[in-house]
Amino acid sequence: MKIEPYSEPAHALCALGGVEEQLTGIAQTPEQVRARVLAARDRQLQRSGKLNAQLGPSDMLTHCQLQTHDQLLLERAIDRLQLSARSMQRILRVARTITDLVEADDINSTHLTEALGYRRLDRAG
């Protein structure tokens, strides 16, 4: 027996707006979003000399380290979703980018679960 968790229809989620807007009640302007993206890009280049999308496996060992509980979360997701090593690397790159967008130093559970959520959406679509 397989039980799928309930999820809102796509149109209902889109109507909610961005996460930040939900939390603060304030939507970001396109200029603010652009500034955040450019700052995250600069952060990536300063840290490793390349963008997160270009990180290789050895770079990821250095720049995408997880806490033990987050590593276990990722391992469970890999087993449950039957993901490949390549998919795992992609998830870590996305989590690293999310971390950079919020100007944090370390990937945490929130960043990792958001990246996993995007991967599930990618597989569903």
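**Entry 1: Lys 50 and Asp 59.** I looked up this pair and found their side chains meeting in a salt bridge at 2.9 Å, N to O (a side-chain nitrogen of Lys or Arg within 4 Å of a carboxyl oxygen of Asp or Glu). Asp 59 counts as buried at 19% relative accessibility, while Lys 50, at 26%, is partly exposed. The cut-offs are under 20% relative accessible area for buried, over 50% for exposed, and partly exposed in between, with a 1.4 Å probe and protein chains only.

**Entry 2: basis.** I am working on a predicted model, in which local features need pLDDT of at least 70, side-chain atom pairs count only at pLDDT 80 or more, and totals for chains, interfaces and linings use all residues. Residues are numbered from 1 along each chain as its sequence is written, and side-chain values use heavy atoms, leaving out hydrogens and water.

**Entry 3: Arg 43 and Asp 105.** I counted 5 salt bridges in the structure. One of them joins the side chains of Arg 43 and Asp 105 at 2.9 Å, N to O. Arg 43 lies in helix H3 (residues 30-48) and Asp 105 in the loop between H6 and helix H7 (109-124), so the pair ties together parts 62 residues apart in sequence. Helices are DSSP runs of H or I, at least four residues, numbered from the N terminus. Asp 105 is exposed at 60%; Arg 43 is partly exposed at 22%.

**Entry 4: Arg 96 and Asp 100.** I found a salt bridge between these side chains at 3.1 Å, N to O. They sit 4 residues apart in helix H6, about one helical turn.

Note on methods:
Helices (H or I, at least four residues) and strands (E, at least two) are DSSP runs, numbered from the N terminus.
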